[in-house]
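Hi everyone, thanks for coming. Let me put the structure up so that we can walk through it together.

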Amino acid sequence: MLQSRTISATETTGGGESSPDRWDGLPMPRRLVAIAAVSFGVAVLVIDGSIANVALPTLARELNVTEAAVTNVITLYQLVMVMGLLPFAKLGDGIGHRRLYQMGQVIFCLASALCYFVDSFAMLLILRAGQALGASMALAVSVAVLRRIYPRASLGSGLGFNSVVIATAAAIAPTLGGFIVADLPWQLVFVAAAPFAVLSLLLGRALPESPVQPKGNVRGDIISALWSAATVAMLIGGVQVSTHSGDLLYGLAIIAAGIVSSVFLIRRERGRQRPIVPVDIMAIPSVGLSALAAVAVFCSSAVLIVSLPFLFEQAMGYSPDQVGLLLLPYPLTLLVISPLAGWLSDRVASTKLGVAGMAVTIVGLLLMIFMPEQPGWFGIAWRLTIVALGFGFFFAPNSRLLIGSTPEDRSAAAGGLLSTARLFGQTTAAAMVGVILSLGLGLGPMPLIVSAVLALLAAGCSMFRTRTVASQHGPVTVQDVGA
């Protein structure tokens, strides 16, 4: 039941929740069809982004390339996708979010179909770039589409359900990829996600239309789009070069060039209306600090998940199949907690949930740091469950606050910012684990300590966000869902 209550201004800063836009979600049963369409679309992006991992040894053998070179199948996909997020978010404002979302799915399906005929490594890389291009178009506006599906009072629940879809697809991808590699032509690994895109397209008539924004300075947008993509390529590419090519100095030089480019690009974007790099919404404390918290928490969780297989297999002596089972409590816990956290974020201040979640995660990580050398499967499982419990109570509420604090007409920019934060955090985490392993510290507590420090940073961003917004605006009264 709707009722008026007093909450922190962090819930509403930026006009998102108190926007004059009268749109408040799709009517039933169209809303259910639209949720299914977006769910299948999200499953496409998650499965295709991770399914190829298990096929890398097979690809290296079948295409006669080195193990180092074959990792470009993953790296190129991630790089192209993250390069396009912010420019495509702006393009979606100009042509309509649903239109761009479905254009991306069509491009993805075409590239996926052609992957079945791949017979060379160069051709595979080209088509993977095509898949990433389509995925980037869809991902850039997926949150904006999602925001218009759900009523404002249920946005947190919607983001929580979206997290369940992501966790489920992430759990399915390795098993599906392993089955295909073992029993079917390896090319089908890159086609497996396409049926989900087709289902999403068939149901896509139910998706909401979005207001089309004025095109503005087209020439300036093109320059900013290319500049933004190049800057992201330098930042992410530099990290990849530093950790995978063995040329640390060259990678650091690329990262430095990307940082310099970022400074000048942000300075340029500050003087533009509706900029491609969303400096306007990042200036809103509840958005900018939520984005920084998202980078920290995604980096923290990825450091944990990337490093644990090395600890379990090389230090504790578990076999690869046992390692997979040992990690299972993490996604299973997120499956249960994510919808609950999303539902609660519609009723409880997101900062309270997020800070409490990070406190639980840090406790869980400390328990893992000080666990016995051979804790047994149950000793690992309950500790990892505590860690995942804390992460689950942070992801959806933090995302809800970031998206809900953004004006309605900048939803795509907020979604692109959130996706960029997630991918940048995960890429940075892989680099961190690579450095830790190269220093010979990967089999000890160091990765867990790094993960805990990053979780503490995420909690700190949330607490500072509350103080900053409260000092600027004070408490406000809004229409929200009653407890």
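Predicted model: local features only at pLDDT ≥ 70, side-chain atom pairs only at ≥ 80, totals over all residues.

Residues are numbered from 1 along each chain as its sequence is written, and side-chain values use heavy atoms, with hydrogens and water left out.

So, how many aromatic pairs does a search of the whole structure find? The search gives 7. Rings of Phe, Tyr and Trp (its six-membered ring) pair if their centres lie within 6.5 Å; planes under 30 degrees apart are stacked, over 60 edge-to-face, and the rest tilted.

Tyr116 and Phe117 make an edge-to-face pair, with 5.6 Å between centres and 85° between planes. Tyr116 is partly exposed at 42% relative accessible area, while Phe117 is exposed at 57%. Here buried means under 20%, exposed over 50%, and partly exposed in between (1.4 Å probe, protein chains only).

Now look at Phe391 and Phe395, which are stacked: 5.9 Å centre to centre, 10° between the planes. Both are buried. They sit 4 residues apart in helix α16 (residues 376–404), so about one helical turn separates them. Helices are DSSP runs (H or I, at least four residues), and strands (E) at least two, numbered from the N terminus. Ring pairs also link these two with Phe298 and Tyr330 into a cluster.

Finally, Ser338 lies in helix α14 (residues 329–345) and is buried, at 4% relative accessibility. Leaving aside residues up to four places away in sequence, Ser338 touches Gly160, Ser163, Val164 and Ala396, where contact means heavy atoms within 4.5 Å.
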